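Subject: Structure for you to look at

Dear colleague,

Please read them with the model open beside you.

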Amino acid sequence: MYVYLNSFGTYLHVKDAMFEIRVPDKDGAHIHHIAARKVKSIVLTTAGALSSDAIRLAMMHNVDLIIADRSGMPLGRWWHAKLGSTTKIRRKQLEAGMGRTGLGFVRNWLRTKLERQGQLLRKLKKHRKHHHDLLNDRAERIESLAQSLATVIDSANQIHEVAETLRGLEGTAGRLYFQTLSTLLLPDFQFDGRSFRPARDPFNAFLNYGYGVLYGRVEKALMVAGLDPYVGFMHRDDYNQKSLVFDFIEPYRPWIDRVVFRLFSGKHVRTNHYRGDERGLSLDKPGKVLLVESLNTFLDGEKIRHGRRNRSRGNIILAEAHQLAQKLLVEKITDPKIKEI
């Protein structure tokens, strides 16, 4: 269970060894009791309060406790003090980022992202006969860019040699992809490309919040697997930049796109789901509830084939984080520059 506390004045504490959540209303307060063993994560997104006992109970049961901003991006989180033996994994991360090993991971992540974008456009053909030619054309162009991207990476020894080219190919695919999604929406919701925090339109406001939710899940999966979220291979290691989170999240972004597109194409989005001013748009409480419930159902409520097992998409993210850690541990670093360290 993922618990989102997004009502002003919410109070989270402990009663009878359970989480007690008090949500104020005009008649006093709604009180909810939840067993800690049923909770995977608690996210606080607006002005509220929590007790030290609630933090302690969360840590005892390995419940991820996150403070998020209005767009759903984590501002901070509490972790259990015993994350296991991670030193060797993180040393391998640093080594991999300096040679071809890291390039292999980047190749797989970006290619999977673009392939999933193309797959989503092909799926949208089912009930859109008038757009078959457009969707086929855009899917083929994006899939071709995925192949070009893989070829560019295979020709390089280090990521900095091809970083600009990769950004160009990925950016071209993104423009084609989001232009196509916009074309399929009702005129009132069509948009002019991606806009980040704050968004310029409702569709991007939903996307931004959805990516924020995904960001929190990816960061947790990496930490649980013993990886350092700050040590990535593709995104720059700027100050306070969680580079590996931004690397690892790429192939899962189309999952969020799919959920958001369903909400808009299914006419579930209303004007009270978002609000804006001269700076841009963000989701209001009803919009957050709608999106989070839809994301939880999509990520945790259904299973798909993954390797030899059926897994929820949320568990796939965690499994692939563990796979990354294991690959780093067994990877033999052969780059001569690495041997000199």
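Strand 7 (residues 64-68) is largely enclosed by the rest of the structure, because 4 of its 5 residues are buried; here buried means under 20% relative accessible area, exposed means over 50%, and partly exposed lies in between, with a 1.4 Å probe and protein chains only. Strands (E, at least two residues) and helices (H or I, at least four) are DSSP runs numbered from the N terminus. Please keep in mind that this is a predicted model, in which local features need pLDDT of at least 70 and side-chain atom pairs count only at pLDDT 80 or more, while totals for chains, interfaces and linings use all residues. Residues are numbered from 1 along each chain as its sequence is written, and side-chain values use heavy atoms, with hydrogens and water left out.

Strand 7 has pairing partners, two strands being counted as paired if DSSP finds at least two bridges between them. With strand 8 (residues 74-78) strand 7 pairs in the antiparallel sense, over 4 bridges, and Leu 65 has Trp 78 of strand 8 as its bridge partner.

These pairings belong to an open sheet of 4 strands in the order 1-5-7-8, with mixed pairing. Strand 1 (2-5) and strand 8 are the edge strands, each pairing on one side only. On average, neighbouring strands of this sheet are turned by 20° against each other, direction ignored; axes are lines fitted to C-alpha atoms, for helices over the stretch in contact, and angles run from 0 to 180 degrees between N-to-C directions. Helix 6 (residues 202-224) packs on the sheet and touches strand 1, strand 7 and strand 8, its direction making about 35° with that of strand 8, where contact means heavy atoms within 4.5 Å.

Turning to the charged side chains, a search of the whole structure finds 16 salt bridges, each defined as a side-chain nitrogen of Lys or Arg within 4 Å of a carboxyl oxygen of Asp or Glu. Among them is the pair of Lys 113 and Glu 250, whose closest N and O atoms are 2.8 Å apart. Lys 113 lies in helix 3 (residues 100-123) and Glu 250 in the loop between helix 7 (243-248) and helix 8 (253-265), so this pair ties together parts that are 137 residues apart in sequence. Lys 113 counts as buried at 10% relative accessibility, and Glu 250 counts as buried at 4%.

Arg 141 and Asp 137 also meet in a salt bridge (3.5 Å, N to O), and both lie in helix 4 (residues 132-154), 4 residues apart, about one turn of the helix. Arg 141 is partly exposed at 41% relative accessibility, and Asp 137 is partly exposed at 33%. Elsewhere, salt bridges that share partners join Lys 113, Glu 170, Glu 250 and Arg 253 into one network.

With best wishes
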